[in-house]
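Thanks for coming, everyone. Let me put the model up on the screen, and then we'll walk through it.

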Amino acid sequence: MLWFIGRRLLQMIPVFFGATFLIYFMVFALPGDPILALFGEKTPSPAVVEQLRAQYHLDQPFIVQYLLYLKSLVTFDLGNSFSGRPIADVMAKAFPVTLRLATLAVLFEAVAGITVGLISGLRKGKFFDSSALVVSLLLISIPTFVIGFVLQYVFAVQLGWTKATVGPQAGWSELVLPAIVLASVSFAYIIRLTRTSISENMGADYVRTASSKGLTRGRVVRVHVLRNSLIPVVTFIGADFGALMVGAIVTEGIFNIPGVGGTVFQAIKQGQGPTVVSFVAVFVIIFMVANLLVDLLYAVLDPRIRYAN
Amino acid sequence: MSIDTQANVGTASAATADQRKPMLEVRDLQVGFTTQDKGIVPAVRGVNFTLNAGETLAIVGESGSGKSTTAHAIINLLPGTGKITGGSVFFDGEEISAMNARQIEDVRGRLIGFVPQDPMSNLNPVWNIGFQVEETLRANGLADSKTDARQKAIKVLQEAGLSDAASRLKQYPHQFSGGMRQRVLIGIGLSSQPKLLIADEPTSALDVTVQKVILDHLAMLTRETGTSVLFITHDLGLAAERAEKLVVMYQGKIVESGRSKDILADPVHPYTRRLVAAAPSLASKRMQIQKVEDADATELTDALDVTMIERAEQREERAKSGRGYITVSDVSKTYTIRRGGFKADLFTAVDKVSFQIDKGTTMGIVGESGSGKSTLAKLMLKLEPLSGGAISVDGKDIDSIKGAKELLAFRRKVQPVFQDPYGTLDPMYNIANTIAEPLNTHKIGTSKQRRARVRELLDQVLMPQSTMNRYPGELSGGQRQRIAIARALALKPEILVLDEAVSALDVLVQGQVLNLLTELQQELGLTYMFITHDLAVVRLVADRVCVMQKGRIVETATTDEVFDNPKELYTQELLSAIPGAGFEFGR
């Protein structure tokens, strides 16, 4: 087990460098001059431009820029964004907000999705199941921003249960509605995944054997059906956590949340290589850690994986 | 129906008076499955039988006869849309078919134990063995605390024949062999000493020798406790050996019932007769008789065995030419098994095996699972490299085959047919494409010629040409295996490697496929390497037999020598484990 974790951690190193290199290169290759863009309509003096270029190493060839950036990354001194704020500060402000949002979203999709999927799977073909299928199909086919605006209008504007937009602090309670919007599509997928998995497992031989042993139906479902059915669902949720963080940009826009999405979007538009790559680096780490956790959880749920060499 | 209890002299003499009491009465039982397009399709159509206390009754029939459905209906565990549509089931005087869900939960496990068919899929892979036994004990109120449950679970497993139960409680099903798992399932089924045990093909997935040990053990346990046993099987010999009463089912109905010995000695219904005739364990015996009494053989309505004998004689003559067509000498295969970290073990699957197969003959390779016979097939097919020794075909060392062109030429010569007719055909390919695929791969003929060849092959395997546009999912197991054989023959090979090619089929279908294979051998002069765990089948088709155990060949001889005069202890064990071996059968 330790060997397994160690190997997985070692595997992260090349992935990390590969991903940051690619992103850095892509931002570098973006058209437009980031320094000139800073000044907007005004025409800066060439001396100022030169000085800014030197400050951000933009006068160096690409590979030198990247290596210098790596050095700053390793020394945890990420430097300043082009607007002069330390990148570390920008990240410290944006990441916790999006992390809270994504955590709430994952909790919602896991709890609600598995519950609905379980009931659907047990009552396949009945009214509840059919309704759940229709609703999940709707959620999958309607774009997030439509769902976002509708829920915002109904719950915030009409009913007044929550605020329509999120304040600069972006506390847990303010983020509940945005989290539901963010999770809506995944929620639908989890319903379907759980439903299929449950109804498939209900027909498994060992489930019939469990019933033949005299166990109650409740226990058969809890102990022998649910756990086995959760294996694919857990994989999905783990992979989805990273996707939710990156994909939060639309939801953050609708609810005016000061999260990662907006910040990165601005940075890409302005060609701020170091800022973009710093955020992406964190994304990469989050993705990899989430995947590792999924694999470990997988081993907990399924002993065949735990003991396979 | 008078009941003979001679086989069940229980240890408790008090039970004797009890033994005539009906334990299970099934009255006009009808079960149907709801389908979308055809409404309710009946699976069991009016079944009646009575099982008395302490007695063993076997229901025999091919797959689809409704025997397992009957068993599941008794404890109300019908799969999917299955439903009891009529009749009733009485257990120990109570009508259990009228019970609600809670009441039947109380009966299951505690009063009626159940041993399912396939040990591989009937234990939950994510819980350890101890847990799965303990929860049974606790659900039936046989243990009140965790430690109590654990101790009793160990006892249950030890009684079921797992001597090292205490140390293996924390292990998971995938760490157990099939036979061990079946012991666990038997332990679970008997854990609360039920009055009735329903055993649904409890050993069909196991090797014959393991089967014998487990059934002996099961018989001992149920005799000790005076448990009635309802035994479901497709194997007539097995049923006759293990049960005093027989019920033969066909298409959802009982066609014959009575005392086992009577039915086997004098089957009345035509279906039972066919079943008795086709059971390989029995048919092989008759083949011997017919060789002596030729006059008798001509009377046989079933053409299968007569032609087989004739062919066997012709084969013997032909075998004299073309000696050593395939020569296997000192062949070994070792695998490296990783043990986690950097440790690794060597596992020898095939250990210095040597034999020869003459052209146009059949070599039967027999052994239990794990004996290395399937590995040998892979080596023969050049699907895996040899670790030692050499195999030569028609004088050419297959190890010296290099490059795609030579390999394709080799593949045209040697073709496989595998065990699972469900797994070896691509469900998305129609039959014509399936059979034509080797022709496409080897770029033989125009597309018109290929289609013509497909038709020809379908004729050869006795399938209608209209099958061409159908898909594997629409065919039965026997039909699929014919398609697999047609595909193997597409390239006009000289050698077929048949790896358990008939093991997944029902007896009657098995007989047909074996007959087809011998016919094709006759017509096309094929050489067969016939791998099976079933000695009885080997007797029908093989000229010579190799008996394998743990990667080695323990005995090689002609088929008759092996059966009449087995030299090795292991071969004798295998032979004596064939169910029904000690019975006299009518026809």
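Some ground rules. This is a predicted model, where local features need pLDDT of at least 70 and side-chain atom pairs count only at pLDDT 80 or more, while totals for chains, interfaces and linings use all residues. Residues are numbered from 1 along each chain as its sequence is written, chains are lettered from A and ligands numbered from 1 in the order in which they are written, and side-chain values use heavy atoms, with hydrogens and water left out.

Helix α8 of chain B covers residues 208–225. Helices here are DSSP runs of H or I, at least four residues, and strands are runs of E, at least two, numbered from the N terminus. α8(B) has 18 residues and reaches 26 Å from its first C-alpha to its last. That is close to the 26 Å expected at 1.5 Å a residue, taken as 1.5 Å times one less than the number of residues.

Which residues of α8(B) are buried? Among them are Val208(B), Gln211(B), Leu215(B), Leu218(B) and Thr222(B). Buried means under 20% relative accessible area, exposed means over 50%, and partly exposed lies in between, with a 1.4 Å probe and protein chains only. Look at the spacing with this in mind: an α-helix has 3.6 residues a turn, so residues three or four places apart point the same way. The cover over the buried residues of α8(B) includes the helices α5, α7, α9 and α23 and the strands β7 and β8 of chain B.

Next, Lys261(B). Its place is in helix α10 of chain B, residues 260–265. Lys261(B) counts as partly exposed because its relative accessibility is 47%. From Ile75(B), Lys261(B) is 186 residues away in sequence and 29 Å away in space, C-alpha to C-alpha.

Now chain A. Chain A has 14 helices and zero strands. Its C-alpha trace spans about 85 × 55 × 30 Å along the principal axes. Of its 309 residues, 45% count as buried.

Buried or exposed? Ser136(A) counts as buried, because its relative accessibility is 0%. Leaving aside neighbours within four places in sequence, Ser136(A) is in contact (heavy atoms within 4.5 Å) with Ala188(A), Ile191(A) and Arg192(A).

That's the tour.
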